[in-house]
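Visitor: Please take me through this model slowly, and tell me on what grounds each term is applied.

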Amino acid sequence: MGSVWRLLPLIMLTGVLPWSVIADEPIFPRARGERCVEPVGVMRRAHFEFLNHQGQQTVERGIRIGRHSLAGCVGCHAARDQNADWVPVSAPGQFCDSCHSYAAVRIDCFSCHRAVPEADRAMGN
Amino acid sequence: MAAGDTSTLPRRELLGRASALAGLVVSFAPGMRLIDLAAAKPDGEAASAEVRWGMLVDTTRCVSGCDACVNACATEHGLEMTDRPEIDAQWIRKVDLIDEDSGKEISLPVMCQHCEDAPCVAVCPTGASFRREDGIVLVNQHTCIGCRYCMMACPYKARSFIHINLTGQRTHSPRGKGTVESCTFCVHRVDRDREPACVEACTAAGHQALLFGDLSDNEGELAQRLGEVQTQQLRSDLGTNPGVHYHGL
């Protein structure tokens, strides 16, 4: 709460509270790789549209390239626990869950889709 | 019969002659090569209606008691058996038949027959049960509501319903409770120019009872074989025109 008082002059000037003061932002593990498949701002706003589109392209038309693969998200965004075991991206506090529980979004993708990478088993074997 | 599907013949013949003239590799434009008249599809290209994927099951080579194809399917798609066999997924199963008159015994795998005129597609209320351009019949699990009309409609009992929450799915084969599923001809492999897992396993087991390929490619091994041996489609009286053909029934 202390920080709100320190920001009081600013709030009185602008009439808004800085986001991070109103509520704690979602915290999630760091992703692997240099950068995301789209600029972060675009990803935050439109990742579900990309995913829906790519899912449709793959299932209906068999198109298997494209940046917005769900398996790809899992590959970069899944984290390991202290024992170096993979934690599902959909588990509480993990990447996909963090924002979603914050924003009261519920997705069912991971009732079917594997939520951890499958690096130890080569594709198709 | 699909073996005699000649709708694409003139074009294929033309291409065939063109490639004979130009050698094995015909270059049309930079980045576009016709390496093989068989139906290899680059990852990024949509499934094409010029291809019809199909299979020939040679029951004279299929061995009773061998379930290499069934096991390979289960491994490929992460189909785990439970202690309730009545709800276990069955994408492919082995059937042993005995002709009571002659005593002749045959063994054969039965899976989704990838019908041209598929009853499962006709009855689906959401369009989730569909036939891809290249003849592979699939369930779009993003739009399947689990009503199971397709299971009732399928004359081959080829589809399963997922009754329980699943864990440990394979990355390339998402599956989940409340939807219907069946043999996909391993689309995830076929789209990358690989054979279905069952075919690979049958060959590896030394039986070579399964041959996968493009029914509309007259130069291809599958169509050639279909031209040489006598084959039958299961329940051909129903007019579904399956993509799977059987020899030796």
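Guide: A salt bridge is a side-chain nitrogen of Lys or Arg within 4 Å of a carboxyl oxygen of Asp or Glu. Side-chain values use heavy atoms, with hydrogens and water left out, residues are numbered from 1 along each chain as its sequence is written, and chains are lettered from A and ligands numbered from 1 in the order in which they are written.

Visitor: What makes Glu118(A) and Arg170(B) a salt bridge?

Guide: The closest N and O atoms of Glu118(A) and Arg170(B) are 2.5 Å apart, and the rule asks for a distance within 4 Å, so the pair is called a salt bridge. The pair crosses between chains, from the segment after helix H6 (95-103) of chain A to the loop between strand E8 (160-161) and strand E9 (180-181) of chain B.

Visitor: How many residues of chain A and of chain B are in contact?

Guide: With contact meaning heavy atoms within 4.5 Å, 20 residues of chain A are in contact with 28 residues of chain B. The two chains bury about 2100 Å² between them, 49% of it on carbon and sulfur atoms, where buried area is the accessible area (1.4 Å probe) that two parts lose on being put together, summed over both.

Visitor: Why is the pair of Trp53(B) and Phe212(B) called stacked?

Guide: Rings of Phe, Tyr and Trp (its six-membered ring) pair if their centres lie within 6.5 Å, and planes under 30 degrees apart count as stacked, over 60 as edge-to-face and the rest as tilted. The structure holds three aromatic pairs over all chains; in the pair of Trp53(B) and Phe212(B) the ring centres are 5.1 Å apart and the planes at 15 degrees, so this pair is stacked. Trp53(B) lies in strand E3 (residues 53-58) and Phe212(B) in strand E10 (residues 210-214) of chain B, 159 residues apart.

Visitor: What is the mean pLDDT of chain B, and where does pLDDT stay under 50?

Guide: On this scale of the predictor's confidence in each residue, from 0 to 100, chain B has a mean of 87, and 84% of its residues reach 70 or more. Over residues 1-38 of chain B, however, pLDDT stays under 50. Where pLDDT is low, the predicted coordinates should not be read in detail.

Methods:
This is a predicted model: local features need pLDDT of at least 70, side-chain atom pairs count only at pLDDT 80 or more; totals for chains, interfaces and linings use all residues. Helices (H or I, at least four residues) and strands (E, at least two) are DSSP runs, numbered from the N terminus.
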